[in-house]
Amino acid sequence: MQLDGLGDKSERSAWREDRDARTIVVNTDYPLYQSLGTNEDYIFESLVMHMLNDDEELSLTEAKSLFDQIIWLDRSAEDEEPSPEELDDIVP
């Protein structure tokens, strides 16, 4: 999962493909992100909403990876808010 501006304020998140991997990008240009910033609840909700509303089928590996990211975010929320750099380190 990555945090990045997509240049479009209407999309909350989108897929980004790099070489052989796909990752979800949470749009930092989205108005709700602009008001909340790197809030773990917002990031968590963005991942879940992306999974539930995505028209593309996820492979089992992608679904497991996204689930792992959500669990990681939930556990890290108990400790402290993750930085954008820590979120970039999560590899789907």
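How many salt bridges does the count come to, if a salt bridge is a side-chain nitrogen of Lys or Arg within 4 Å of a carboxyl oxygen of Asp or Glu? The count comes to 2 salt bridges. The structure is a predicted model, in which local features need pLDDT of at least 70 and side-chain atom pairs count only at pLDDT 80 or more, while totals for chains, interfaces and linings use all residues. Residues are numbered from 1 along each chain as its sequence is written, and side-chain values use heavy atoms, with hydrogens and water left out.

The protein chain contains 4 helices and 3 strands, taken as DSSP runs numbered from the N terminus (helices: H or I, at least four residues; strands: E, at least two). From the N terminus, these elements follow the order β-β-β-α-α-α-α. Of the 92 residues, 33% count as buried, where buried means under 20% relative accessible area, exposed over 50%, and partly exposed in between (1.4 Å probe, protein chains only).

The 3 strands form an open sheet with the order β1-β3-β2 and mixed pairing; two strands pair if DSSP finds at least two bridges between them. Strands β1 (2-4) and β2 (13-18) are at the edges and have a single partner strand each, so one side of each lacks a neighbour in the sheet. Strands β2 and β3 (residues 21-27) run antiparallel and are joined by 6 bridges. Within β3, R22 stands opposite E17. Helix α2 (residues 40-53) lies across β1, β2 and β3, at about 125 degrees to β3; axes are lines fitted to C-alpha atoms, for helices over the stretch in contact, and angles run from 0 to 180 degrees between N-to-C directions.

Because R16 lies in strand β2 and D4 in strand β1, the pair ties together parts 12 residues apart in sequence. R16 is partly exposed at 23% relative accessibility, as is D4 at 31%. Another salt bridge joins E45 and R12, with the closest N and O atoms 3.1 Å apart. E45 lies in helix α2 and R12 in the loop between β1 and β2, so this pair ties together parts 33 residues apart in sequence. E45 is partly exposed at 38%, whereas R12 is buried at 16%.

T28, in the loop between β3 and α1 (31-36), is buried at 18% relative accessibility. Contact means heavy atoms within 4.5 Å; leaving aside residues up to four places away in sequence, T28 touches L3, D4, G5, Y33 and Q34.
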